[in-house]
Amino acid sequence: RAKAGGGGSYCFFTAEMGAAIRTRLLLQSALRHAMQRGQFEVHYQPRMDLRTLQIGGMEALLRWTHPELGAISPAQFIPLAEETGLIDEIGAWVLGQAARQTQEWNRRYGLSLQVSVNLSTRQLRSAELVATVADALRVSALPPRLLELELTETCMIEDRDRAASMMKQLKALGIRLAVDDFGTGHSSLAYLCRFPLDCVKLDRSFLLHEHPEGISPDQLVQAMINLAHALKLSVVAEGVESKEQLEFLRRQACDEAQGFCVSAPLAPNAFEALLQEGWENRLAGSGRQAEAGMALLP
Ligand code: C2E
Ligand code: MG
Ligand code: MG
Ligand code: MG
């Protein structure tokens with residue numbers, strides 16, 4: 001603990017801060033080796049088409065398991081990967097994996113699953129991005145329309161011209177673009193529609209009952225869905241946890257739902273088991289998913 005000067009201000013350096021800094025440095029160097037040591041795996045969270053109640057696609061979510069530290073959350077390591085610049089390499093790997101895996105499943109089971117992959121702001125700034133995406137499509141032979149990239153509001157607003165030009169180039173490859181976590185930033189859908197978007201993913205906070213007094217969350221979600229549809233965007237609700245939410249979204253003509261109520265993100269073998277069993281069997285099978293699914297059957 002150091003005294004900063006006569007002004008009575010102190011600079012604290014606590015044991016916890018020391019520990020936090022050590023953890024950070026440790027994670028940073030561990031992250032550099034994670035890829036060649038095979039510690040990454042891409043998991044897949046199903047997206048349910050609310051019209052057909054089928055899995056129309058899934059979101060690729062990166063998982064990192066360190067031999068000593070165990071599973072580390074993307075909320076912790078993705079920002080670190082961005083700061084260190086490792087995100088370009090990691091992001092390219094995720095894209096390659098997701099495209100290859102999706103095309104493999106589509107071929108094996110005669111499906112046309114669409115996969116969506118998160119992009120970080122930094123990747124959108126990289127000159128390599130378009131070539132990286134084109135490569136992933138070429139190597140995997142995944143039809144471009146079955147690949148969707150998820151961008152955040154901030155990444156479009158911060159550097160608007162650059163983002164717009166990147167998005168135009170990406171669209172020219174024939175892929176889809178989505179805005180992720182919509183509603184957490186400071187933009188309006190009307191503003192975002194100046195960009196070539198196909199889909200909006202409503203942040204899960206929209207479904208939580210934490211709005212200012214007098215504002216009904218249901219009406220808000222309904223209005224968002226209507227506005228998105230008026231702007232020719234499809235709508236995915238994120239973080240759908242209850243069957244009540246699922247039913248409500250279906251009544252509001254929301255296009256797709258993603259969340260624990262449908263399924264948690266799954267390791268590739270678990271996702272494939274789901275494809276083998278058939279989605280309907282799984283829904284009729286067990287637990288919360290059974291409730292969610294059966295309640296929806298006409
Ligand atoms: P995201 O893109 O918004 O992904 C959805 C997150 O919500 C995932 O967290 C998912 O596991 C979680 N989730 C899904 N359903 C529910 C639900 O019903 N309730 C709740 N409470 N949560 C649910 P996850 O996997 O921990 O990832 C966190 C974030 O890390 C992602 O948020 C995404 O922005 C980022 N991320 C993950 N993988 C990648 C990647 O490959 N590249 C980049 N750039 N970012 C990634
Ligand atoms: Mg996402
Ligand atoms: Mg995201
Ligand atoms: Mg999200």
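**View 1. The largest pocket has a volume of about 980 Å³.** A pocket is an open set of points on a 1 Å grid over the protein atoms alone, with protein on both sides within 12 Å along at least five of seven lines, and its lining residues have an atom within 4 Å of a point. Volume is the space filled by probe spheres set on the points, which are joined across faces, edges and corners. The model is predicted: local features need pLDDT of at least 70 and side-chain atom pairs pLDDT 80 or more, while totals for chains, interfaces and linings use all residues. Residues are numbered from 1 along each chain as written, chains are lettered from A and ligands numbered from 1 in the order written, and side-chain values use heavy atoms, without hydrogens or water.

Among the 35 lining residues, Glu-59, Leu-61, Pro-74, Asn-118 and Asp-180 are closest to the centre of the largest pocket. Two or more lining residues come from each of β4 (55–66), α2 (74–84), α3, β6 (114–118), β7 (147–152) and β8 (176–182). These are DSSP runs, numbered from the N terminus: helices are H or I with at least four residues, strands E with at least two. The lining splits into 15 nonpolar, 10 polar and 10 charged residues. Ala, Val, Leu, Ile, Met, Phe, Trp, Tyr, Cys and Pro count as nonpolar, Asp, Glu, Lys and Arg as charged, and the others, Gly among them, as polar.

**View 2. Four residues hold the magnesium ion (ligand 2) as protein donors.** Donors are N, O and S atoms within 2.8 Å of the metal (3.2 Å for Na, K and Ca); water is not among the atoms, so sites may look incomplete. Along the chain the donor spacing reads E-x58-N-x31-E-x29-D. Asn-118 also bridges to the magnesium ion (ligand 3), 3.1 Å from ligand 2. Glu-59 sits in strand β4 and Asp-180 in strand β8, so this pair ties together parts 121 residues apart in sequence.

View 3. Of its 17 lining residues, Asp-49, Arg-51, Gly-56, Asp-255 and Glu-256 are closest to the centre. Strands β3 (40–49) and β4 each supply at least two lining residues. The lining of this pocket has 4 nonpolar, 5 polar and 8 charged residues.

How values were computed. On a 1 Å grid over the protein atoms alone, a cavity is a set of points where a 1.4 Å probe fits but cannot get out, and a pocket is an open set with protein on both sides within 12 Å along at least five of seven lines; lining residues have an atom within 4 Å of a point.
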